[in-house]
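Please read these points alongside the structure shown here.

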Amino acid sequence: MNDVKAPRSRRGFFAAGGAALVAAALAAHAPAALAEGAAAKPRLVLQVSDGDPMKWGLALNNAKNVQSDYGGASKVDIEIVAYGPGIAMLKMGSQAGERVSEAMKAGIHVAACENTMHNLKLTKADMLPEISYVPSGVVELMKKQQQGWAYVRP
C-alpha cells in the first residue's frame with residue numbers, strides 16, 4: 001500500500017509542482033554552467049506576467065524555497081522579472097507589495113519592465129521603492145537564459 005499522501009488543496013498541489021519544476025530547471029542548467037567553467041552558484045530567473053496574486057504568491061514561494069534549499073541568499077542568485085499584467089503587483093499598495101518587499105530584503109532581485117510601465121503610463125513614483133527596472137522584461141528573460149540562468153514561469 002502506498003503511504004504517500006496527495007496534496008489536499010490546490011495551493012498544496014501548485015506549491016509541490018512549482019518546487020519540482022524549479023528543481024528540474026536548476027538541475028538542467030547546472031551541467032552547462034560547470035562545463036563553461038562558471039561558478040557553481042546556481043542562478044534562477046522567474047517570469048511573472050499574470051496579474052493574478054496567486055501567481056505572485058507562487059513565484060515568491062518558489063524563490064524563498066530555492067533560497068532555503070540552497071542554504072541562503074549567498075548561495076543562489078534569484079531574479080523575478082515582471083511585465084504585462086504582472087507588473088500590477090509591483091505598484092505601491094498592491095496586494096503582494098509587502099511580500100515582494102520582504103523577498104527583496106531576503107536577497108531576491110525584483111525587476112519591472114519599463115516597456116509595460118510606459119504602455120500603462122506608470123512612473124517609478126507609482127511603484128514599490130525597492131524594485132529595479134529593465135528596459136524590456138522579455139529581453140531580460142532572454143539574456144538571463146543565454147547567460148545560463150535557469151528559467152521558471154510559475
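1. The lining of the largest cavity divides into two nonpolar, two polar and three charged residues, where Ala, Val, Leu, Ile, Met, Phe, Trp, Tyr, Cys and Pro count as nonpolar, Asp, Glu, Lys and Arg as charged, and the others as polar. Those lining residues are Gln47, Val48, Ser49, Asp50, Lys55, Arg153 and Pro154, each having an atom within 4 Å of a cavity point on a 1 Å grid, at which a 1.4 Å probe fits but cannot get out.

2. This is a predicted model, in which local features need pLDDT of at least 70 and side-chain atom pairs pLDDT 80 or more, while totals for chains, interfaces and linings use all residues. Residues are numbered from 1 along each chain, and side-chain values use heavy atoms, without hydrogens or water.

3. The largest cavity holds about 40 Å³, and a search of the whole structure finds one cavity of 30 Å³ or more.

4. Helix α2 (residues 53-70) and helix α3 (residues 97-105) have axes that come within 11 Å and cross at roughly 15 degrees, and the two helices are therefore roughly parallel to each other (an angle under 35 degrees). Their contact (heavy atoms within 4.5 Å) involves Trp56, Gly57, Leu60 and Asn61 of α2 with Arg99, Val100 and Ala103 of α3, which by class are four nonpolar, two polar and one charged.

Terms used:
Axes are lines fitted to C-alpha atoms, for helices over the stretch in contact, and angles run from 0 to 180 degrees between N-to-C directions. Helices (H or I, at least four residues) and strands (E, at least two) are DSSP runs, numbered from the N terminus. Angles under 35 degrees count as roughly parallel, over 145 as roughly antiparallel, 65 to 115 as roughly perpendicular and the rest as oblique. On a 1 Å grid over the protein atoms alone, a cavity is a set of points where a 1.4 Å probe fits but cannot get out, and a pocket is an open set with protein on both sides within 12 Å along at least five of seven lines; lining residues have an atom within 4 Å of a point. Grid points are joined across faces, edges and corners, and a volume is the space filled by probe spheres set on the points.
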